[in-house]
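Please consult the sequence and the structure shown here while reading.

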Amino acid sequence: MATSSIPLEALEKSMTLASVPAAHWLVIAPPVWCLLLGAILIMTRKRMDLQAWLAIPALAGLVLIDAGLLAAVIREGPITMVMGRWLPPFGIAFTVDPTGALFNLTAGIAALAGGIAALGDIDRTRRAYGFFPFLFLMVGGVSGAFLTGDIFNLYVWFEVLLISSFGLIILGSEREQLDGATKYAILNLIGTTLFLIAVGILYAVFGTLNMADIAARAPTLGASAPMMTLSLVFITAFLMKAAAFPVNSWLPASYHTPRIVVAGLFAGLLTKVGVYALIRVMVMLLPQEANAYSTLIGVIAALTMITGALGALAQADLRRMLGYMVITGIGIMLAGISFGAQTAISATLFYALHSMIVMLALYLMVGVAGRMGGSFSLHDLSGLYAKSPLLSAIALALFFSVSGLPPFSGFWPKAMLIKAAFDFGAWWQGAVILVSGLLTTIAATRAFALGWWRMPASGTVEPARMLASELIPLSALTLLSLGIGLYPEPLLALAQTAAAGLLEPTAYLHSVFPQGAPTP
Amino acid sequence: MDTSGTGRSARRGMDTLIFRTMAPYLTALMVLFSVFVLLRGHNEPGGGFIGGLIAASAFAILGIASGVSAVRRALWFDPITIAAAGLAASALAGIVSLFADVPFMTALWVFPNIFGTEVALSTPMLFDIGVYLVVTGAITAIALALEEREDD
């Protein structure tokens, strides 16, 4: 073998020679599992009867893997695995901290719920187009983005999830979908190109792409490098991906066109990847620059919240209304990022996790409402309360949750954020969060009053039943939101640990460089 | 106008007797060459990506000469299935490391003696074969879709 001729001391600088405990394989398991299953599902895509039987247990397995990873991270702190033994800056490292593990687990739960809902929502033709393979490849991309510790690798996972999402959004190839997909594709490609440019500048400045390495070098390089420009390119790229105010027109233009499960998964997962990347890069890697831009991010956050809430109020199509509610949520998370303090960041993480669950549930709920009522438009939709009291209860719970009212999961992070706003001295931000919450409540109430309470002109309503493929994921997600709302302490403690790890990433750095970071 | 019975105006330029006779041999030669390029790629220029492109060009040539359905019959598997098998092979190449207690994607080698010759087999080779299949399958699928006409 070639390696035997090189002295061991030289080898130890570039490679790790320690053996890897089996538990550390959980770090890489979620994306590998998704890609492998995606490949198997493509190979068996002609066997329509097999697809669901393979996909649903595999998604359940993914949730178990994700939960195991979170447990391991809570037990041991951040875990690192270097690909192919090569140490950074030569090789790619996957480093999982509580933030990444939490996002990853929530994404897994959302994917499982979406997969079950797809059994009813995605018909045979669309499954033949490859719904489940695309779902696995997209979730693989999402979890890879949450778990990687290398910024160029993060870009690669962005591309993986983006390409799979193109496949999902045009499932069925309807005219309207192609129109929505074009807007979605072009604006997202511009966003990822900006991200790539930023990564290029960053590599020129730092000479490394490893996140821990960057975090260690950023404080000393601040004076001699164009850090503010670099940060602005990163912020713009991630804001486009997250659908923040001036660069979010692609979201309401495209999210109502795909199948409802696809729209729900996009709303739950994809915008949150943008928020996650913004938190990871700006809060953990470039905190000084994030601090300098906090006013800018704060103003964008406020505008995003207000335009999202006003947009939701103006829409008659329930799916479009939800698209704007996604945007409002993004604004709330951005507000938290702009404060920068630990309570605010932990509230932002909490809100992001809540939003992944609740936005997916809202889309699924609207899907059921649309099936029962025969329309997504509030002009035509009526009498749903008489049709299905169960759906109405779920709808009410989810509307409460998205508006940030107790006792659901949206309440706690919002309350924490408003408190953080006043502590931070940004009382106007706190006011904007409250006003946007009020506007969202009004929009949700209007939808409920028209679609559910209003009786149809004919005066008679046929009762309708929810299918098992609708009821199981919807009730599970709603109960999860209620559970988090009633007993928020465990998640709150986790979010606080995660936020502390982002603001003070010594444990993260130690996980990648046990002997201390190499000096440049 | 059309005496051959198969061609349309767009196709006529390619539809010569010489091309149709030569294309299967050319395709066979190119596929063989693509495998050669794939296998020499570990230490010398070449590898899975470029090998896959050569193989995909070979199938594209056959498609132009003999029609898309002939290529689909000759390939036996659907091109997308070939690409998926490649993705699975590449993922499995990384998972082999699990059983050797080393990190994901670590290069592992064995040197079995087959018929008196030492053959170097490794996980990077399996990964490269996976890349080869992904590129061959994906590009062939695109090429065949572009060559396909209503009458094929």
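Chain A of this predicted model contains 23 helices and two strands. Its radius of gyration is 23 Å, close to the 24 Å that the globule rule gives for 520 residues, so the chain is as compact as a globular protein of that length. Along the principal axes, the C-alpha atoms of chain A fill a box of roughly 85 × 60 × 40 Å.

Of the 520 residues in chain A, 59% count as buried.

One helix pair may now be considered in detail. Helix H14 of chain A spans residues 294-314, and helix H20 of chain A spans residues 427-453. Their axes come within 8 Å and cross at roughly 15°. Because angles under 35 degrees count as roughly parallel, H14(A) is roughly parallel to H20(A). The crossing in which H14(A) passes H20(A) is left-handed.

Which residues of the two helices meet? On the side of H14(A), they are Gly298(A), Ala302(A), Met305(A), Ile306(A), Ala309(A), Leu310(A), Ala312(A) and Leu313(A). On the side of H20(A), their counterparts are Gln429(A), Val432(A), Ile433(A), Ser436(A), Leu439(A), Thr440(A), Ile442(A) and Ala443(A). Classified by residue type, this contact between H14(A) and H20(A) comprises twelve nonpolar and four polar residues, with no charged residues.

Note on methods. Residues numbered from 1 in each chain as written. Chains lettered and ligands numbered in written order. Predicted model: local features only at pLDDT ≥ 70, side-chain atom pairs only at ≥ 80, totals over all residues. Axes fitted to C-alpha atoms, helices over the stretch in contact; angles between N-to-C directions. Helix = DSSP H or I, 4+ residues; strand = E, 2+ residues; numbered from the N terminus. Parallel < 35°, antiparallel > 145°, perpendicular 65-115°, else oblique. Left-handed = near helix turned anticlockwise from the far one by under 90°. Contact = placed C-beta atoms within 7 Å. Nonpolar A, V, L, I, M, F, W, Y, C, P; charged D, E, K, R; others polar. Rg over C-alpha atoms; globule rule 2.2 N^0.38 Å. Buried ≥ 20, exposed ≤ 12 C-beta atoms within 10 Å, placed from the backbone.
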